[in-house]
Every structure is written in C-alpha cells, then in structure tokens.
Amino acid sequence: VQLQASGGGLVQAGGSLRLPCAASGSIFSINAMGWYRQAPGKQRELVATITSVGTTNYADSVEGRFTISRDNAKNTMYLQMDSLKPEDTAVYSCAASMIATITTKARWYWGQGTLVTVSS
C-alpha cells in the first residue's frame, strides 16, 4: 500500500494550488485521511482531516481558505488551497488509515511530501 502526494510548486501570495494524494496497492478500505505540513525549522502540524463519510476538520490557520475532499472511487484525497500566504510555505504530506486486506487491522500510512512555496 502506498500514498503518493503531488501538486506542489511555487505560487504567488493570493494564488491557489490543488494537492492530490492517491492511495494505491492492495486496499480493502480507507478510513480517515489527512494532510500535514512542516515548515522550515518548525514542527509538523495538522492541516486538515476527512473521515470516510466526509466529515472534515481544519486547523484554525487554514479554516476558510483550504478545502479537503476525497474521491472514494479513486482512492484519492485532495487539498484545495486558496488565498495562499507566505506562511503556508511548507512540505505538505498526506496520511491515511487504511486496511490492506479483510484479515488485517487498520494502520496509518504516510506519503512522501510535496513542497509548496508561496512568494510574497
């Protein structure tokens, strides 16, 4: 089972980016999913989470600007980032609680990060 995040890049302040995170491999089910970020010199922080039924939760710093969503048919989660600020610059990583087979337990998987740079 793998998670692949992509979509990072350089954007000007006020701009938008959309980050997809695709799960692949032997997947029986996907439970909660989430986006995290780590800015240079700072600890990793939670950005947003989404449950299997679509309930969302956001960090105060991104509430109203970022939107997390998922397409269960495609095993893919998205982070739509609007009104980006220089302080949003970070490596964004995705994580998901997944069950690989009907006989295994759920565990968290992490994807590699994608760099988002917001210029002022």
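Me: Which side chains meet in a salt bridge with Asp-88 at 2.8 Å, N to O?
Reply: Arg-65 does, with 2.8 Å from N to O. A salt bridge here is a side-chain nitrogen of Lys or Arg within 4 Å of a carboxyl oxygen of Asp or Glu. This is a predicted model, where local features need pLDDT of at least 70, side-chain atom pairs count only at pLDDT 80 or more, and totals for chains, interfaces and linings use all residues. Residues are numbered from 1 along each chain as its sequence is written, and side-chain values use heavy atoms, with hydrogens and water left out.

Me: Where do Asp-88 and Arg-65 sit in the chain?
Reply: Asp-88 is in the loop between E8 and E9, and Arg-65 is in the loop between strand E6 (56-58) and E7, 23 residues apart, so the pair links distant parts of the chain. Strands (E, at least two residues) and helices (H or I, at least four) are DSSP runs numbered from the N terminus.

Me: Is Asp-88 buried or exposed?
Reply: Buried, with a relative accessible area of 1%. Arg-65 also counts as buried, at 11%. Buried means under 20% relative accessible area, exposed over 50%, and partly exposed in between (1.4 Å probe, protein chains only).

Me: How many salt bridges are there in the whole structure?
Reply: The search finds 3. Arg-37 forms one with Asp-88, the closest N and O atoms being 3.0 Å apart, and one with Glu-45, at 2.6 Å. Arg-37 is buried at 6%, whereas Glu-45 is partly exposed at 34%. Shared partners join Arg-37, Glu-45, Arg-65 and Asp-88 into one network.

Me: New topic. How many disulfides does the structure hold?
Reply: It holds 1 disulfide, a pair of cysteine sulfur atoms within 2.5 Å by definition. Cys-21 and Cys-94 form it, with their sulfur atoms 2.1 Å apart.

Me: Why is the disulfide right-handed?
Reply: Because the torsion about the S-S bond of Cys-21 and Cys-94 is about 70°. Cys-21 lies in strand E3 (residues 17-24) and Cys-94 in strand E9 (residues 90-99), so the pair ties together parts 73 residues apart in sequence. Cys-21 and Cys-94 are buried.

Me: What order do the strands of the open sheet have?
Reply: The order is E1-E3-E8-E7, 4 strands with antiparallel pairing. Strands E1 (2-5) and E7 (66-71) are the edges, each pairing on one side only. Two strands pair if DSSP finds at least two bridges between them.

Me: How many bridges join E1 to E3?
Reply: 4 bridges join them. Gln-4, for instance, has Ala-22 in E3 as its bridge partner.
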